[in-house]
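Visitor: I am new to this structure. Please take one part and show it to me closely, along with what surrounds it.

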Amino acid sequence: MATAFSTRAIHAGQEHDPTSGAIIPPIYQTSTYGQHEVGGSPAYCYSRTGNPSRDALERNIAALEDAVYALCFSSGMSAINNVLNLLRAGDHVIACNDLYGGAYRIFTKLYAKLGIEFTFVDATDAANITAAIRPNTRIVWLETPSNPLLRITDIRAGAAVARRAGALCVVDNTFATPYLQNPLQLGADIVVHSTTKYLNGHSDVLGGAVVTNSDELYEDLRFYQNTVGAVPGPQDCFLIQRGIKTLELRMKRHCDSARRIAKTLTSHPSVERVYFPGLADHPQHAIAADQMNDFGGIVSFDLRGGLDAVKKFAAASGIWTLAESLGGVCSLWCHPPTMTHAAVEPEVRRKNGLGDGLIRLSVGLEDVDDLLTDLVKALDAATSVDTKKSAEEVLV
Ligand SMILES: *Cc1c(COP(=O)(O)O)cnc(C)c1O
């Protein structure tokens with residue numbers, strides 16, 4: 001189906017219900033299916049193995065990535081776990097050193113225990129990946145834009161290094177979404193998503209997805225999906241599907257607002273440094289412009305004054321809610337060192353450039369002028385000398 005993104009988002013995998021003609025596929029809220037004959041091969045036998053609501057979402061997400069296969073999971077972490085199930089003791093994984101805290105945790109606290117080795121490198125320079133390759137390297141794991149510092153890895157270069165080494169290149173495409181970037185087209189073998197974020201987009205469900213074009217990988221990953229059983233329920237599939245229909249519209253707005261917010265931050269005296277790939281002085285701006293359609297809806301920055309300033313910022317943050325997660329309609333902010341990246345040891349965190357004053361914004365879909373007004377108020381309060389007074393002023 002050679003149609004444009006928004007058309008695929010709305011129609012791929014979404015055949016009208018054959019019995020009623022309902023234009024929205026029903027939610028098949030069932031665990032099992034009546035079978036017509038003994039020893040037959042029914043299309044569906046048990047919902048861990050297959051469910052029409054999940055199938056519809058899997059076909060849809062595959063189409064969004066212009067891919068052949070997608071598998072859906074109960075969370076982004078279970079999608080990541082599904083890919084790691086490909087590994088066996090003695091295998092080696094190279095991962096970028098700025099990545100989702102939960103991914104770092106499952107690598108170092110769970111799979112390392114099972115005899116799998118991990119090396120973390122600054123993947124923004126492909127030479128660092130090449131230098132870390134060993135004979136037993138099985139996966140090169142990339143996240144771009146990365147969380148929370150929005151570093152950009154050249155996917156083509158990373159995938160080429162992996163291919164030469166006979167390893168798989170896996171890209172966590174959660175921040176970019178398939179609307180902004182399609183890693184399989186750039187040479188990656190597997191894409192993972194936390195559909196909890198932009199794909200669902202409404203902060204009301206957890207989900208994950210794994211996408212590939214390889215028949216062989218799909219067979220293995222599908223076997224692990226059924227064997228482990230971390231599958232999403234039909235209602236959750238429906239909600240994610242419903243969110244995807246407006247993904248393009250939402251992403252355009254997220255990107256436009258984030259661009260304005262990033263620009264404003266660069267000139268605010270409370271801000272030491274802004275991390276946003278859309279800024280011309282971002283170190284990998286050119287790669288981002290080349291491999292992405294736009295720069296995304298996440299902006300991070302270092303607040304002057306460290307944790308104390310972050311606490312003052314919190315007291316004055318207005319419509320910006322202090323919360324984990326990202327990619328929904330509501331604007332959220334978080335403090336990665338104490339929240340999303342609390343699982344990363346303090347010394348590793350600092351070494352990787354996550355300072356104590358780091359704030360990550362997930363720019364939502366509210367009016368951008370309202371967002372800017374509250375943000376500037378909170379920034380003013382963050383470095384004001386009289387905390388109490390400025391917080392009160394903001395509250396009235
Ligand atoms: C949130 C997130 C995950 C984990 O997804 P969950 O749905 O929370 O399990 C993985 N990778 C990235 C980049 C994320 O932002």
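Guide: Start with a term: buried means under 20% relative accessible area, exposed means over 50%, and partly exposed lies in between, with a 1.4 Å probe and protein chains only. The model is predicted, so local features need pLDDT of at least 70 and side-chain atom pairs count only at pLDDT 80 or more, while totals for chains, interfaces and linings use all residues. Residues are numbered from 1 along each chain as its sequence is written, and side-chain values use heavy atoms, with hydrogens and water left out.

Our part is helix α8, residues 215–228. Helices (H or I, at least four residues) and strands (E, at least two) are DSSP runs, numbered from the N terminus.

Take the buried residues of α8. They are Leu217, Tyr218, Leu221 and Gln225. Seen down the axis of α8, these buried residues fall within an arc of 95°, so they line one face of the helix. The arc is that of the directions from the helix axis to the C-beta atoms.

Next, the length. α8 has 14 residues. From its first C-alpha to its last, α8 reaches 20 Å, close to the 20 Å expected at 1.5 Å a residue. The expected span is 1.5 Å times one less than the number of residues.

Look at both ends. At the start of α8, a side-chain oxygen of Ser214 comes to within 3.3 Å of the backbone nitrogen of Glu216. Just after α8, Gly229 has a positive phi of about 85°.

What does α8 lie across? It lies across β1, β5, β6 (190–194) and β7. α8 runs at about 20° to β1. Axes are lines fitted to C-alpha atoms, for helices over the stretch in contact, and angles run from 0 to 180 degrees between N-to-C directions. Contact means heavy atoms within 4.5 Å. The cover over the buried residues of α8 includes α2 (52–64), β1, α3 (76–84), β5, β6 and β7.

Those strands belong to an open sheet of 7 strands, in the order β1-β7-β6-β5-β4-β2-β3, with mixed pairing. Two strands pair if DSSP finds at least two bridges between them. β1 (69–73) and β3 (117–121) stand at the edges with a single partner strand each, so one side of each has no neighbour in the sheet. On average, neighbouring strands of this sheet are turned by 20° against each other, direction ignored.

Follow β1 first. β1 and β7 (residues 208–212) run antiparallel and are joined by 5 bridges. Cys72 has Ala209 in β7 as its bridge partner. Another helix, α6 (residues 155–164), packs on the sheet and touches β4 (137–143) and β5 (168–172). The direction of α6 makes about 150° with that of β5.

Finish with β4. β4 and β5 pair in the parallel sense over 5 bridges. Trp141 has Val170 in β5 as its bridge partner. β2 (residues 92–96) also pairs with β4 in the parallel sense, over 4 bridges. There, His92 stands opposite Thr137 in β4.

Definitions and conventions: A polar contact is a pair of N or O atoms within 3.5 Å; within protein, one must be able to donate a hydrogen and the other to accept it, and residues adjacent in sequence count only if both atoms are side-chain atoms.
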